[in-house]
Structures are given as structure tokens and as C-alpha cells.
Amino acid sequence: MATIRDVARLAGVSVATVSRVINQKDSVNSETAGQVLKAIEQLHYVPNAVARGLAGKKMGIIVLILPDILNPFFPALARGVEDVAHKKGLTVILGNSDDLGIKESSYIKVLREKYVDGFIFASNTIREEDVESLRNDRIPIVLLDRGLNTASCPVIRSNNREGAKLAVQHLIEQGCQRIAHIYGPQEFITARDRLLGYEEAAGRLKGYSPSLMVSGNFDIESGRNAVEQLIARHPDLDGIFAGNDLMAVGALKALHDRGIRVPEQVKVCGFDGIGLTEITEPELTTVAQPVYEMGGLAARILLDEIESGIRENTLRELDVRLIPRKSTRKEET
Ligand code: RIB
């Protein structure tokens, strides 16, 4: 790929002259400008941010890195970010990290060289040194949903612990006494906080036992597998709180395949509030996160810092909402 030096050499001018032509500075005479533009066309040269002399200026681009764009939770989060950014005339670059720190570091390395204006990471694998490095270079960053608790940057997520207690309390009110929990990967702070909330609320039950907790991977398959383990351990369990909706959907499928009726025999509650929960059979009770609002708030906080340069290192936990549906309905006595 041609560089600004190749263009300068072909046009017989200095790199600085090429940069002035690119930035349409009127300090270049028309003949010289013509030579430079001809060389740019011949070499198919595409100026980068540095050539445009934009280092330190605002590019009007922010970056959103999500861990798993196949999980419907994250596109809803992205929608909240993009709607706010678009209203402000900014473009959003979306990346998928697969929860791999190496991919996140690569995104940071490549895109900071393009002088993007800021980053939003829904990540639990971003490294503190990456966060520090961006902050030291005064590149705004906001952590969304997952993410470090000790990060030197704003963090926005739901109140996961209280949300888990809401789910368990609802199952208790619906008559459940042996309530299981399918918990998400414990490297995610969101999953850890939900497990804590479950233990706080279910630990008091006479039917409680640590063997009522089984790990999952925030996906449908692990929800199905978890139910197989739970039924083997506790054939008499009467309630399941799944740490996210995809695992709850998997649990519904596994219970159905075993001929176990929901909600008559086992009641099931999920977490996230993705649209899929409205069309399962039975429709799934869930604890809905304010996903769209979380994305929008993260974007607003980032844009405020981009515009003002003022840093804030606050953790905001937004309230969640129980949506009761048929999967936990109490039988009419
Ligand atoms: O469904 C994906 C899960 O990962 C959500 O609960 C969200 O909070 C994220 O942590």
C-alpha cells in the first residue's frame, strides 16, 4: 500500500506539502497541488489519520467491543450505544472479542492508531494495563455490563445481585422450596453477583443445598446439560433460576424432553429480558435488564468525556425488573 512518502517522491515535493494538499490548505500553489493529486491517484494512496494531520483531533468515531454478538443480549446493548452516538453525529465501529483478551488488545492497538475518539468495552477480559494505557493517553473508555470492578474508568451494569434475589423471591412466592441455580461463567462479574444474590435468597430455604447449583456457559446447550445434572441430583427440585435467558431456554427444552411439565412440576425463571422469552412454550418469566438504557448511558458518558475531557470513575448499577410469565405461574387451587 502506498505511503505519504511514496506520493511525495513521485510528485517531487516534501511529505509536509503532500499533507497540506490532503488537508486542502490553500498555502499550496495550484500547479504543485495538481502534481500531488495526480501522484495520489496514480498510487491509489489512501491518507490515514496521521496524514490528515488529525492526531489529537476528533475523528467522530467510537468503538464498541462486545464479547458475543450471537447472544441477543448484546445487539440490544449495541442498539442503545449506536442510537445515542448517531444522534451526536458519530460513527460506531463494532468488534466481537469472544471474551479473548488478546483480541481486545489487538482492537485497542489497531484502532487507537486510527485516532478513534473513545472505546466502550462489554468485556471481562480487558486488562487493567490496557485501561490505564488508554487513560494515560487521554483516550476515553467506558466499561459496560461485564468488566473490572477496580477499573479506573466509568463502569455501567445492572444490579445483578438484587436481580437474582428478585428471581428467587418470586419463585418462593410461587410455592417453590427446592430452587436450583444455573450460574454463568464465574470470571464474569455479572454471573458472580447473580450467584451471590441466589445464595442470599435461597440459602435460607429448608430445601436449600449447595448441590442445587450447577455451572453453565451463558448459552442454550449448557442450560440443557445443567438440567440433566440437576434432575439426577435432585429429582424433587421444583424451581430453577437460570443466570441468563439462553440457559433458561435450554432448561425449558431439557425439562420438556424429559416430560417434566413447566410450570406445574418445575417453575423456571431467566435473566436478561431478551425477546426470545416472549415466544418460548411456556413463555419465560425473566428478570429484565435495562439493556437499551445501559447502552445509551455508556455512550452518553463516553461522549461527555470526549467533549469535555473530564474523567469520572464511577460504577453505576441500574435497576432490573421482574417480568412474570407462564413459566412460573402458580396453579389455581
Ligand atoms: O446473556 C449474556 C450475559 O452476559 C448477560 O446476562 C449479560 O449481563 C452478560 O454479562
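The centres of domain 1 and domain 3 lie 62 Å apart, taken over C-alpha atoms. This is a predicted model: local features need pLDDT of at least 70, side-chain atom pairs count only at pLDDT 80 or more, and totals for chains, interfaces and linings use all residues. Residues are numbered from 1 along each chain as its sequence is written, and side-chain values use heavy atoms, with hydrogens and water left out.

**Domains**

The protein chain is assigned domain 1 (4-54), domain 2 (61-158 + 291-319) and domain 3 (160-289 + 322-328). These bounds come from an automatic or database domain assignment.

**Ligand site**

The ligand sits in the second largest pocket. A pocket is found on a 1 Å grid over the protein atoms alone, as an open set of points with protein on both sides within 12 Å along at least five of seven lines. To sit there, a molecule needs more than half of its atoms within 2 Å of the grid points.

Which residues are around the ligand? They are Asn71, Phe73, Phe74, Asp145, Arg146, Thr190, Arg194, Phe218, Asn244, Asp272 and Gln289. Each has a heavy atom within 4 Å of the ligand. By type, the shell divides into 3 nonpolar, 4 polar and 4 charged residues. Here Asp, Glu, Lys and Arg count as charged; Ala, Val, Leu, Ile, Met, Phe, Trp, Tyr, Cys and Pro count as nonpolar; the others, Gly among them, are polar.

Domain 2 and domain 3 each give at least three residues to this shell. Helices α4 (73-87) and α8 (189-202) each supply at least two. Helices (H or I, at least four residues) and strands (E, at least two) are DSSP runs, numbered from the N terminus.

| Side chain | Distance to a ligand oxygen atom |
|---|---|
| Asn71 | 2.8 Å |
| Arg146 | 2.8 Å |
| Asn244 | 2.8 Å |

Taken alone, the ligand exposes 270 Å², and the protein buries 100% of that. The areas come from the Shrake-Rupley method with a 1.4 Å probe.

**Backbone features**

Val262 and Pro263 are joined by a cis peptide bond, with omega about 5°. Pro263 is in the loop between α10 (245-257) and β9 (267-272). A cis peptide bond also joins Glu281 and Pro282, with omega about -5°. Pro282 lies in the loop between β9 and β10 (285-288).

Where is Asp272? Strand β9 holds Asp272, a residue of the ligand shell. Its phi is positive, near 135°, in a residue other than glycine. Asp99 has a positive phi near 60°. Asp99 belongs to the loop between β2 (91-96) and α5 (101-112).

Notes
Polar contact = N/O pair within 3.5 Å; in protein donor to acceptor, adjacent residues only side chain to side chain. 1 Å grid on protein atoms, 1.4 Å probe; cavity = no way out; pocket = protein on both sides within 12 Å on 5 of 7 lines; lining within 4 Å.
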